[in-house]
Amino acid sequence: MKIICIGRNYIAHAKELKNPVPKKPVFFMKPDTALLPKGKPFFYPAFTNDLHYETELVLKICKNGRHIEQEFAHKYYDEIGVGIDFTARDVQAECKQKGLPWEIAKAFDHSAPLGSFLPLTVFADSGNISFSLKINGELKQQGNSSEMIFSFDQIIAYVSQFITLKIGDYIFTGTPKGVGPVQAGDHFEAFVGESKLLEFEVK
Ligand code: MG
């Protein structure tokens, strides 16, 4: 199983980090060890002083495929969830400045907490799915798949030109604006629509 993450897929988020708005999807990967075991707390890593949350809709791949055409892409995912793409922003800034890969800032252990999934059939339109993050009960991030620069189908078509998608893979589809710092003691709750699909503590 692999985790593919799309970067800069919401214009307002690309702007808040002063990144250019991409012409093609930007993606990177996290290993399976990035998942946070269910019910376990997330421990603030010692190697960063500026850990950020990024709340993202996550697709679960239900069919193996490569070189998938956009018009058939919807057949390759059938469930949606919400995940956190934890990012060591200070470490990432150093990687970017030196032109180095981002893995140490993005792919570390437990950097991709993921909760339950909903069947996509629950939603009338996959291009209009809202999601949100509360920390300590306070609304921190809110987004909707309608605001994405690249749609789910465009992402699947693009990524599968390079990397074979396999059943059980996850695709994090990018974060809306409102990313911010994490503190030890934070209580995370993430929602798709009104459904709370992910909850954990930071220690
Ligand atoms: Mg992200």
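## Nonpolar cores

In this predicted model, the largest nonpolar core comprises 43 residues. Ile80, Phe86, Ile156, Ile171, Phe188 and Phe200 have the most contacts inside this core. Two or more residues each come from strands E1 (3–7), E3, E4, E5, E8 (130–135), E12 (187–192) and E13 (195–201), and from helix H4 (152–159).

Another core, of 15 residues, lies apart from the largest one. Its members include Ile3, Cys5, Ala88 and Ala105. In soluble globular proteins, nonpolar side chains tend to be buried together.

## Magnesium site

The magnesium ion is coordinated by three side chains: Glu54 and Glu56 through OE, and Asp85 through OD. Along the chain, the donors follow the spacing E-x1-E-x28-D.

Glu56 belongs to strand E4 (residues 55–61), while Asp85 sits in the loop between strand E5 (77–84) and E6, so this pair ties together parts that are 29 residues apart in sequence. Both Glu56 and Asp85 are buried.

## Three-stranded sheet

An open sheet is formed by three strands in the order E6-E3-E11, with antiparallel pairing. Strands E6 (87–88) and E11 (180–181) are at the edges; each has a single partner strand, so one side of each is left without a neighbour in the sheet.

Strand E3 (residues 51–53) pairs with E6 over two bridges in the antiparallel sense. Leu51 has Ala88 in E6 as its bridge partner.

How values were computed
Residues are numbered from 1 along each chain as its sequence is written. This is a predicted model: local features need pLDDT of at least 70, side-chain atom pairs count only at pLDDT 80 or more; totals for chains, interfaces and linings use all residues. Side-chain values use heavy atoms; hydrogens and water are left out. Two strands pair if DSSP finds at least two bridges between them. Helices (H or I, at least four residues) and strands (E, at least two) are DSSP runs, numbered from the N terminus. Donors are N, O and S atoms within 2.8 Å of the metal (3.2 Å for Na, K and Ca); water is not among the atoms, so sites may look incomplete. Buried means under 20% relative accessible area, exposed over 50%, partly exposed in between (1.4 Å probe, protein chains only). A nonpolar core is a set of buried Ala, Val, Leu, Ile, Met, Phe, Trp, Tyr and Cys residues joined through side-chain atoms within 4.5 Å.
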